[in-house]
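Hello,

Here is the structure I promised to pass on to you. Please have a look at it first, and then read my notes below.

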Amino acid sequence: QCYGHGDGGGGVTAEMLEINRRMEKGIPGAPQTRLTHAAPYFDKLKQHLDETQADLPCWHGEMYFEYHRGVFTSQGRNKRANRAAEFAKQFVYWFSEEGPALPYGRSLTYRFAQAAFWSIAAVTGLDGFTPGQVKGILFRHLNWWMQQPIFDNCGILTIGYRYPNLHMAESYNAPGSPYWSLKAFAFLMIPDDAPFWQAEIEPLPELEPLKLLRRGEMLVQRRPHDVVAYVPGVHHENNQVHVPEKYSKFAYSTHFGFSVPRSGKRITEAVPDSMLAFVIDGWTFVRRHSDRFVLMGDRLLSEWRPFPGIKVTTELVPTKWGHVRNHTVESTIACTAYDCGFAVPNFAPGYAEDVENNTAEARCNTLRCAVQGKGEPVVIGCDPNTSLCFTNVHLPAVKYHIAKGRTVLDTEILDEAD
């Protein structure tokens with residue numbers, strides 16, 4: 001039996017050597033062992049097989065049991081390459097044709113570190129993607145970031161996402177944190193004469209318009225100029241800030257981004273974009289995580305509790321130009337709920353908003369979001385510096401009155417990005 005600590009070439013431990021010393025002397029009921037090198041063992045095994053012509057069984061695939069610590073680490077490189085190739089097939093869905101990637105989760109002030117995987121892939125090579133495709137993903141991403149106002153007047157990277165914004169930062173962020181972004185420049189290690197530098201930039205490979213990313217627990221929709229991820233809200237609370245907003249909204253977009261709250265005291269401070277928000281005694285409550293969820297190829301289901309005495313079952317179904325939310329609310333209290341779409345920058349060129357015919361719409365020259373439902377359409381003026389992408393936003397929503405008992409809400413979100 002080959003042995004050692006871990007799968008990274010850690011070698012044997014003192015405890016393992018002591019066990020072997022005892023087994024060499026013989027332990028009743030256990031085979032006697034002898035410490036040797038791997039090469040003589042396999043030479044002896046080959047000789048035995050040649051002499052006996054024994055037909056040994058062949059195991060295909062990975063093998064693991066409690067003392068599986070002696071995997072030959074010469075295969076580690078192949079295993080990492082295989083895992084990277086499988087990861088890339090899903091991760092590529094996060095990147096839009098124009099370059100930006102999905103803003104989702106925390107540590108977003110690292111910005112273009114989102115593309116660090118592709119940078120390392122350019123150095124090591126990646127099965128399933130041509131050098132031109134990897135180069136295209138990486139360069140489009142970096143070029144897009146260089147067009148965003150992320151530097152201060154001294155050319156220093158700021159904390160924030162698409163603009164300087166301390167409000168969205170994590171407790172572990174410091175002035176130097178944005179420089180984790182430099183991981184995206186690992187491709188500068190590539191020798192000058194390598195094929196990467198001569199490769200023409202290629203577009204993304206052909207991708208499915210709607211893709212279930214089982215490992216990432218999300219349903220990703222690719223539309224012209226935008227990528228939207230629909231998530232069931234599976235991450236539980238931890239000690240970081242804005243966890244519900246960074247992990248548990250219904251949808252995340254490469255171009256609309258998302259917002260984080262200033263407080264839950266007023267709906268204008270809570271800014272619950274892409275959420276169903278319940279207002280109780282003036283305070284706003286949203287989905288923090290789901291108690292149960294089911295991901296399917298064309299929809300997702302989730303059950304969640306925003307407040308004691310309220311249970312919501314949500315079915316979210318992507319459509320050609322947005323998605324439909326069907327909520328079943330079981331409540332022991334009467335309250336108000338806002339089903340919200342994406343936030344739109346209200347100082348952007350061409351901004352306008354409309355509230356009519358059960359529809360609230362906010363739009364500018366590059367973004368449009370409309371929310372339809374059998375309630376009261378409203379456009380919420382949100383506090384500044386709550387959106388990760390725009391300094392000022394307005395939020396289209398439909399306001400519903402929730403009675404005690406069972407209430408069914410049907411809301412459609414229509415969104416476009418140019």
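**What I found**

The chain has eight helices and 18 strands; helices (H or I, at least four residues) and strands (E, at least two) are DSSP runs, numbered from the N terminus. This is a predicted model, in which local features need pLDDT of at least 70 and side-chain atom pairs count only at pLDDT 80 or more, while totals for chains, interfaces and linings use all residues. Residues are numbered from 1 along each chain as its sequence is written, and side-chain values use heavy atoms, with hydrogens and water left out.

**The chain as a whole**

Taken along the principal axes, the C-alpha atoms fill a box of roughly 90 × 60 × 40 Å. Of the 418 residues in the chain, 47% are buried. Here buried means under 20% relative accessible area, exposed means over 50%, and partly exposed lies in between (1.4 Å probe, protein chains only). Among contacts in the chain with a separation of 6 or more, 61% are between residues 24 or more positions apart; a contact means heavy atoms within 4.5 Å.

In soluble globular proteins, nonpolar side chains tend to be buried together.

Which residues does Trp118 touch, not counting those up to four places away in sequence? They are Ala88, Phe91, Val92, Phe95, Leu126, Phe129, Val134 and Ile137. Trp118 also takes part in a helix packing: Trp118, Ser119, Ala121 and Ala122 in α4 meet Val134, Ile137 and Leu138 in α5. Helix α4 (residues 116–124) and helix α5 (residues 131–145) pack at an angle of about 145°, and their axes are 9 Å apart. For these values, axes are lines fitted to C-alpha atoms, for helices over the stretch in contact, and angles run from 0 to 180 degrees between N-to-C directions. The crossing of α4 and α5 is left-handed, a term used if the near helix is turned anticlockwise from the far one by less than a right angle (right-handed if clockwise).

Ser107 lies in the loop between α3 (76–91) and α4, and has a positive phi of about 60° although it is not a glycine. Ser96 is found in the loop between α3 and α4. With a relative accessible area of 2%, Ser96 is buried. Leaving out residues up to four places away in sequence, Ser96 touches Leu204, Arg222, Val227, Thr254 and His255.

**A four-stranded sheet**

Four strands form an open sheet in the order β1-β2-β3-β4, with antiparallel pairing; two strands pair if DSSP finds at least two bridges between them. β1 (210–213) and β4 (251–253) stand at the edges with a single partner strand each, so one side of each is left without a neighbour in the sheet. On average, neighbouring strands of this sheet are turned by 20° against each other, direction ignored. β1 and strand β2 (residues 218–223) run antiparallel and are joined by four bridges. Leu212 stands opposite Leu219 in β2.

**Around β15**

Is strand β15 (residues 367–373) largely enclosed or left open? Five of its seven residues are buried, so β15 is largely enclosed by the rest of the structure. Strand β14 (residues 359–363) runs antiparallel to β15, with five bridges between them, and a hairpin joins β14 to β15 through three residues. Ala362 stands opposite Cys369 in β15. β15 also pairs with strand β18 (residues 405–417) in the antiparallel sense, over seven bridges, and the bridge partner of Gly373 in β18 is Thr411.

Asn357 has a positive phi of about 50° although it is not a glycine, and at 67% relative accessibility it counts as exposed.

**Cysteines**

The structure holds zero disulfides, a disulfide being a pair of cysteine sulfur atoms within 2.5 Å. Cys369 is in no disulfide, and the nearest cysteine sulfur, that of Cys340, is 9.6 Å away. Cys369 is buried, with a relative accessible area of 0%, whereas Cys154 is exposed at 63%.

Best wishes
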